[in-house]
Amino acid sequence: MKKYLIFTSVLFLSLFIFSCKDNDAFTISGTINNPGSLKKIYLLEADTTQITVVDSTNLSDQGKFQFKHAAPYGNLFKIRVGGSVFDLIAKNGNSIDFTTSLTDNSHAYQIAGSDESEKIKEYNKISNYYGDINSKISQEYQDKVQALGKESDSLVKIYLPVFQKNIGAYSTAILKFVNANKNSLAGFYAATSLDAIKYEPQLIVYADAIKDKFKDNPTVQRFIKQMMAVKPISVGHEAPDFTIAGIDGNPVKLSDYKGKYVMLDFWASWCVPCRQENPNVVKQYDIYKPLGLNILGISLDIDKAAWAQAVGQDHLSWTHASDLKRFEGPVERLYQINQIPSNFIIDPQGIIIAKNITGIDLEEFLNKTFNKPQQIVKIK
């Protein structure tokens, strides 16, 4: 009987403690070892568009601190300790313990009370690894530039591919992490670090996989909405038809190019990157026009005279059209154009086979396309 009373008392006490858990906020209880002269630390809240300081506190003489903050849904937070920033994921009801040392050059930290925060540590480990490599590449490049006393195209040709290779390796590692953590917010925050243009197909697949998850998180839901909006005009889908006014005033239809390869080139006379890319587009057009490449230039200008002048100055000898409504034109909205230059390459069957490729990537794609036919499966 005595054992039973002890058992029920312990059970009651545990239920009491559980019921007293604050579900209207989360708490972070922390210890900073070897803080030196550091007196104040900060709590930051992050989403995909900004990072905001939401609280600050002073360290005790023993290096202790505590934050209490409301987060109705799981979100990414950062603790800024001097020049170091530590990531964690928290939501109301979490009671999190945090420990680090300012003398640890590796910026390691221990965290308990948030399983999601352990996942974000895994992501940071990947990010830091490839980030350190990038820093070394950049430093080596800068040292050689300083030794030469000037910038050098030959050095750029040497180091740019090395840098791009490392970014590619990082992206591959992140995609692997994302696919292994579809039930974790850490996977989402890792996904948002990818180049949204280059990895659009993978991000659309990921958005499809998480569309029924994290419904209380507005940042995740905004991402899913964006990916679903671009899905119909992503690689593998049929390009939606449209009619637009040509530079000569006559209507131009996308369906006029059925049975042909055509690149929709969204640009504007006022767009510096577009004008910088135009010589490359002219070069590729001169090479591949005899093999069947067509280009339909769609300008986001509102001044027809400036548009026509730029066409002449840049020697753009293909068909041109425009709604003269910048990003608000019906074709721009149909193709979800939010930045320029943007382009879509469409095959003779009307299927989008590439988008938003410029420079050497455009050159390599066209060479591959017109010398070795691609097998693109239409997505319904």
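## Thr27 and its strand

Let's start with Thr27, which sits in strand E1, covering residues 26-33. Strands here are DSSP runs of E with at least two residues, helices are runs of H or I with at least four residues, and both are numbered from the N terminus. Thr27 is buried, at a relative accessible area of 19%. Buried means under 20% relative accessible area, exposed means over 50%, and partly exposed is in between (1.4 Å probe, protein chains only).

Who does Thr27 meet? Setting aside neighbours within four places in sequence, Thr27 is in contact (heavy atoms within 4.5 Å) with Phe67, Lys68, Asn94, Ser95 and Ile96. Ile96 is 69 residues from Thr27 in sequence, yet their C-alpha atoms are 6.0 Å apart in space.

## What kind of model this is

This is a predicted model, where local features need pLDDT of at least 70 and side-chain atom pairs count only at pLDDT 80 or more, while totals for chains, interfaces and linings use all residues. Residues are numbered from 1 along each chain as its sequence is written, and side-chain values use heavy atoms, with hydrogens and water left out.

## The chain as a whole

Zooming out, the chain has 10 helices and 15 strands. Its radius of gyration is 27 Å, well over the 21 Å that the globule rule gives for 380 residues, so the chain is more spread out than a compact globule. That radius is taken over C-alpha atoms, and the rule is 2.2 Å times the number of residues to the power 0.38. Along its principal axes, the C-alpha trace spans about 95 × 60 × 40 Å.

Of the 380 residues, 42% count as buried. If you take contacts between residues at least 6 apart in sequence, 61% of them join residues at least 24 apart. The chain exposes about 21,200 Å², with carbon and sulfur atoms supplying 54% of it; areas come from the Shrake-Rupley method with a 1.4 Å probe, and for residues only the protein chains shown count as cover.

Ser114 is in the loop between strand E8 (109-112) and helix H2 (115-148). Is Ser114 buried or exposed? Ser114 is buried, with a relative accessible area of 6%.

Not counting residues up to four places away in sequence, Ser114 touches Ile89 and Ile96. Ile96 also turns up among the contacts of Thr27. A polar atom of the Ser114 side chain lies 2.7 Å from the backbone oxygen of Ile89.

## Phe370 in helix H10

Phe370 belongs to helix H10, residues 359-371. Phe370 is buried, with a relative accessible area of 16%. Leaving out residues up to four places away in sequence, Phe370 touches Tyr261, Tyr288, Leu291, Gly292 and Leu293. Phe370 and Tyr288 are 82 residues apart along the chain, with 7.6 Å between their C-alpha atoms.

Most residues other than glycine have a negative phi, and most peptide bonds are trans. The bond from Ile340 to Pro341 is cis, with omega near 5 degrees. Pro341 is in the loop between helix H9 (330-334) and strand E14 (342-346).

Asn34 has a positive phi, near 50 degrees. You'll find Asn34 in the loop between E1 and strand E2 (40-46), and it is partly exposed at 45% relative accessible area. Arg326 has a positive phi too, near 50 degrees. Arg326 lies in the loop between strand E13 (319-322) and H9, and counts as partly exposed at 36% relative accessibility.

Definitions and conventions: A polar contact is a pair of N or O atoms within 3.5 Å; within protein, one must be able to donate a hydrogen and the other to accept it, and residues adjacent in sequence count only if both atoms are side-chain atoms.
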